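Please have the sequence and the structure open while reading.

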Amino acid sequence: MRLLHLLRPALSIIPEVQEPRFPQPLKVKVLITGITLFIYLICCQIPLYGVYRTSGSDPFYWMRVILASNKGTLMELGISPIVTSGMILQFLSGVGFIEVNHSVREDKVLFNAAQKLLSFIMAIAEGMAYIWSGAYGDINQIGAGNAILILLQLTFAGVVVTMLDEMLQKGYGLGSGISLFIATNVSENILWKSFSPITLSTEAGTQFEGAIINFFHLIFTKQNTLQALYYAFFRESAPNLNNLLATLFVISLVIYLQGFRVEVPLASQKIRGLVSSHGIKLFYTSNIPMIIQSTLVQNVYFLSQLLYRRFKTNFFVKLLGTWQEAEFGGQSVPIGGLAYYMSPLRDVKDIINDPIHAIVYVLFVVFMCGFFAKFWIQISGESAKDVARKFKDEQIKIKGLREESMVKYLSGYIPVAAFCGGVCIGLLTIVADILGAIGSGTGILLAVTIIYGYFETFHKEKYDNQSIF
C-alpha cells in the first residue's frame, strides 16, 4: 500500500469542488473570477474577533504583499498555508517519498486531497503559532475562549482560500486563486502608494503618502520649485517618484523579457501537412521559483521571530536570526543570523555598508531560484521527457526529427530555459529592490508575470470562444 492510499477513507469528509460537466463560457469564467476576487477583498477587510491588540512588530511584514495577507483580518495568513502545503508535497513527491502518477485519475484525486488536508493543517498550525507568539496580545489577556475563536476564524479563512483556488483551477474561472490574490495585493499596494491621500507630518512640512499626489501638492504649495522637486523625487519618509519610476522600469523590463522564446516546429502525424509550433519561453517556469523561494524565506522569518520572542538568549535561536523590535510601520527588522542574510537589499547603501550581506543574499536568491526552476520541471510534468511524451500521445512530432530524438532535442532547450529563467527572475528581483521599486522586487515580478499570464489566458479563451458576449 502506498502512502497516498491512506487518504482513501478521508476523501468523503475532505471538501472538494466538482469539475464542471462542460467547458464554461468565457463570460462565466470572468464573472466567477470577479466574484472570487470580491470574496477575497471582503475577507481582507473583516477584522478578527477577539483580538486584544494588533500593533507592534509583524512577523509577516516583509512578505504580506507576496502572501496576499492583511494584518488583523480574516486574511491574516493569506495564501501561506496552501503554498506551503503544496511546496512540501511537491518536494516529497519529487524525492520519491510519496509515489504519485498524475496521469492516473485516482492518484491525482488523492494527491489533491492530501494537499488540501495539509493546507488545513498548516492554517491551524500557523494560527496557533501566531496566537502563542503574542501577535494578538498575551494569551492571559485574550483568554482561552477568544484564542480558540481566533484560531477557528483563521482556519475557516484558510479553508475558504483553498476552495476558491481549487474552484478557479478546475475551470470555473481564469487562472488560479493564488495568482489572482497575489496580483491583486501587489497592484493595490502600488496604486495606494502612488495615489494615497493620507497626510504625513515631516520636517519639510505636511506631505501626502502617495508619490504622485505629493508631487502635485509640493509643486503648487512650495515657493522653491527645486526644493519641491527634490522632496518629490528623493524623500525617504514615504514613497517618492524615483520609486515609482523604478517600478515602471522593472515592469517594462519584465514584459520585454516575456517575449524571449524559442519556437519548436511541430508536425502532425494524423493530418499530413498540418504544422504548428511549441514555444519554450525564457520564463519557462513563470513565477514558480520566486513563489517557492519567497515562501521558504517567509517560513524562516516567522519561525525565527517566534523563537526569538521567547528565547532571545539561546545561541541557536540567535544563529537562526536576531530581530530589532520596531514599532514604526509595524516592522520587525532582522539584524543578525540566517534571517538577516536572507533579507533583501533595500538600496545601494546596504551594499556599501555590508558587502558580505549583499554577496550572500545575491548568491542565495540566484541559486535558489535557479535550483527551484530546474527542480520544478522535474516534479510538475514539464521536463523534456514529459513534453516529448505529450507530443507522442497527441501524435505530434518535432519537424525533421524521429520520435526517439525528441527528448534529446528538447533537453537542449527546456532545462536551460528553466534555469536561466529562474536566475533572471532572481536577478530582476534584486535589481528592483536596490532601485527602490514600490512594494518589493519579488512582489512586482510576481504581479507582472501573473497579469501577463492572465492576458495570454484571456486571449486564448477569447479566441476559443470567439467572443466574450
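## Cysteines

Cys 44 has a relative accessibility of 6%, so this residue counts as buried. The model described here is a predicted one. The cysteine sulfur closest to that of Cys 44 belongs to Cys 43, and the two atoms are 7.2 Å apart, which is too far for a bond. A disulfide is a covalent bond between the sulfur atoms of two cysteines. For a pair to count as a disulfide, the sulfur atoms must lie within 2.5 Å.

Cys 424 likewise takes part in no disulfide, and its nearest cysteine sulfur, in Cys 420, is 6.6 Å away. Cys 424 counts as partly exposed because its relative accessibility is 24%, and the buried class requires a value under 20%. Over the structure as a whole, the number of disulfides is 0.

## Aromatic pairs

A search of the whole structure gives 15 aromatic pairs. One of them joins Tyr 130 and Tyr 136: the ring centres are 5.6 Å apart and the planes meet at 25°, so the pair is stacked. The cut-off behind this reasoning is that planes under 30 degrees apart count as stacked. Both Tyr 130 and Tyr 136 are buried.

Phe 371 and Phe 372 form a pair of the tilted kind, with 5.6 Å from centre to centre and 55° between the planes. Phe 372, with a relative accessible area of 11%, is buried.

Ring pairs can also join several residues. Tyr 230, Tyr 231, Phe 233 and Phe 234 are linked in this way into a cluster.

How many cavities of 30 Å³ or more does the structure hold? The count is 1. The largest cavity contains about 40 Å³ of space.

Two stretches of numbering can be followed in its lining. Leu 74, Met 75, Leu 77 and Gly 78 are among the lining residues, and Leu 154, Ala 157, Gly 158 and Val 161 also line the largest cavity. By class, the lining comprises 6 nonpolar residues, 2 polar residues and no charged ones.

Technical notes:
Residues are numbered from 1 along each chain as its sequence is written. This is a predicted model: local features need pLDDT of at least 70, side-chain atom pairs count only at pLDDT 80 or more; totals for chains, interfaces and linings use all residues. Side-chain values use heavy atoms; hydrogens and water are left out. On a 1 Å grid over the protein atoms alone, a cavity is a set of points where a 1.4 Å probe fits but cannot get out, and a pocket is an open set with protein on both sides within 12 Å along at least five of seven lines; lining residues have an atom within 4 Å of a point. Grid points are joined across faces, edges and corners, and a volume is the space filled by probe spheres set on the points. Ala, Val, Leu, Ile, Met, Phe, Trp, Tyr, Cys and Pro count as nonpolar, Asp, Glu, Lys and Arg as charged, and the others, Gly among them, as polar. Rings of Phe, Tyr and Trp (its six-membered ring) pair if their centres lie within 6.5 Å; planes under 30 degrees apart count as stacked, over 60 as edge-to-face and the rest as tilted. Buried means under 20% relative accessible area, exposed over 50%, partly exposed in between (1.4 Å probe, protein chains only).
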